[in-house]
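Here are some notes to read with the model open beside you.

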Amino acid sequence: MADIVEIFIQKMICSDDGAGHGAKHISVSLFLAILTCLSLVYSTEDLSIRIYGLLFIIIEIVVCSLIAIRVYHQSQHRDMYQRSQKVGIPENYRWKIAMVIKYHLVMSNVLSVIPLLYTISLDWVRMGDPFTFASVDVLPIKTTNVTVYVCKYIVYALPAYFAHLEICFLNVTFMYSTGVVKGHFQILEEQVEEAMASQDEKKLKIAIKHHQQVLKFFEDMKTLYEKPLLISIEISTLYIGLSGCTMIQVIQGFVDPIILGFCIVSGVAGFVTISVYCICASNMYDLHDGILNAIFEHRSCFSRNKSFKQLVLIMMTRATVPLEYRVYSIYIINLNLLVRILKLTYTLLNVLLTSVNRQFNETAK
């Protein structure tokens with residue numbers, strides 16, 4: 001499992017072709033987004049078709065934004081990866097990252113195949129007919145040529161792969177960075193424990209310098225991931241809310257149930273993404289506890305040496321500040337954020353269901 005993690009990161013970060021591939025991905029995504037937007041503006045289709053097109057446009061805009069941010073910060077990602085090679089990450093982090101990569105690989109294939117299978121299952125489908133949901137076809141090429149038809153399907157399938165590739169890159173690199181911070185603090189705990197036990201000022205100075213470098217890495221990490229995390233969390237929350245709204249539309253008979261399926265799949269993926277961020281950020285919050293415990297276990301030596309005591313106070317002062325992951329001073333990423341999103345989703349769904357029940361009761365009267 002470790003191999004897949006290193007291969008993925010090196011291909012996405014260390015490869016010199018990253019910017020070129022990013023430009024190609026943006027071009028394809030923008031092309032399909034513009035065509036979808038035009039098809040919706042001049043469309044006479046029902047509400048289901050319009051909602052499907054809207055979901056598609058939102059995904060394309062998010063993908064373009066994440067690709068642009070990744071390409072812009074390519075050198076910073078590469079620098080942080082090179083800095084992390086001295087320490088590495090714990091094995092349990094590698095296992096979790098490998099599972100995330102496999103999850104996105106499976107989901108991208110599932111979301112690419114579902115529209116094709118859905119269309120094929122319809123009795124009236126013939127070669128050359130659209131194969132996206134119902135009759136949305138932003139590339140209205142009418143052909144019975146198998147090669148052209150397959151190429152057209154590949155073009156439609158690309159956005160699903162692009163979206164999961166960018167989200168996977170964000171999830172993997174964020175988890176990898178938090179794992180690096182965790183690895184640094186494991187070493188720091190050993191350094192502080194050894195320095196306190198031997199009352200060695202030189203070793204404690206090395207630990208203080210190492211701690212300062214780790215805090216610098218953490219600040220660089222926060223700056224690097226602020227924009228993509230904000231976009232990802234906001235869009236994931238939006239899809240979770242849309243799942244509830246679409247469920248009500250399906251109950252009322254306004255929207256095709258397959259749209260609800262797409263929203264639920266996207267909502268679940270969004271929930272998984274937010275959970276990854278919140279859990280990883282929460283794991284960093286109390287990393288200073290190990291250092292403080294190592295200091296307080298040897299508190300009897302504080303008054304023996306004045307210079308050593310000053311070094312201990314410096315370390316204690318820095319270690320009392322929790323590692324909070326705040327995004328643009330808007331919110332702190334932790335488990336409380338995940339709980340608030342779940343409560344908001346439940347409240348929204350409850351309000352919508354109450355409104356629908358009231359309408360049904362009034363209609364029955």
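1. Let's begin with the record. UniProt, in an unreviewed entry, lists residues 26-43, 49-72, 93-118, 153-176, 229-252 and 258-280 under "transmembrane region". Its positions are given in the numbering used here, feature names are shortened, and annotations may be inferred rather than shown by experiment. Please keep in mind that this is a predicted model, in which local features need pLDDT of at least 70 and side-chain atom pairs count only at pLDDT 80 or more, while totals for chains, interfaces and linings use all residues. Residues are numbered from 1 along each chain as its sequence is written, and side-chain values use heavy atoms, with hydrogens and water left out.

2. Two of those spans are worth a look. Residues 153-176 are 100% helix and 0% strand, with 34 Å between the end C-alpha atoms. For residues 229-252 the figures are 96% helix and 0% strand, and the end C-alpha atoms lie 35 Å apart. Helices (H or I, at least four residues) and strands (E, at least two) are DSSP runs, numbered from the N terminus.

3. Now the aromatic rings. Rings of Phe, Tyr and Trp (its six-membered ring) pair if their centres lie within 6.5 Å; planes under 30 degrees apart count as stacked, over 60 as edge-to-face and the rest as tilted. By this rule there are five aromatic pairs. One of them is tilted: tyrosine 81 with tyrosine 176, at 5.9 Å centre to centre and 45° between the planes. This pair links distant parts of the chain, as tyrosine 81 belongs to helix 4 and tyrosine 176 to helix 6 (residues 146-198), 95 residues apart. Tyrosine 81 is buried at a relative accessible area of 7%, and tyrosine 176 is buried at 4% (buried means under 20% relative accessible area, exposed over 50%, partly exposed in between, with a 1.4 Å probe and protein chains only).

4. What kind of pair do phenylalanine 218 and tyrosine 325 form? Their ring centres are 6.2 Å apart and their planes stand at 80°, so the pair is edge-to-face. It too connects distant parts of the chain: phenylalanine 218 is in helix 7 (residues 201-251), and tyrosine 325 is in the loop between helix 10 (306-319) and strand 1 (326-327), 107 residues apart. Phenylalanine 218 is buried at 3% relative accessibility, and tyrosine 325 is buried at 0%.

5. Arginine 70 lies over the face of phenylalanine 169, 5.6 Å from the ring centre. Lysine 96 has its charged end over the ring of tyrosine 93, at 5.7 Å from the centre.

6. Arginine 78 is placed in helix 4 (residues 74-84). With a relative accessibility of 24%, arginine 78 counts as partly exposed.

7. Last, a backbone detail. Glutamine 199 is in the loop between helix 6 and helix 7. Its phi is near 55°, a positive value in a residue other than glycine. Glutamine 199 is partly exposed, at 32% relative accessible area.

Terms used
Lys NZ or Arg CZ within 6 Å of the ring centre and 35° of its normal.
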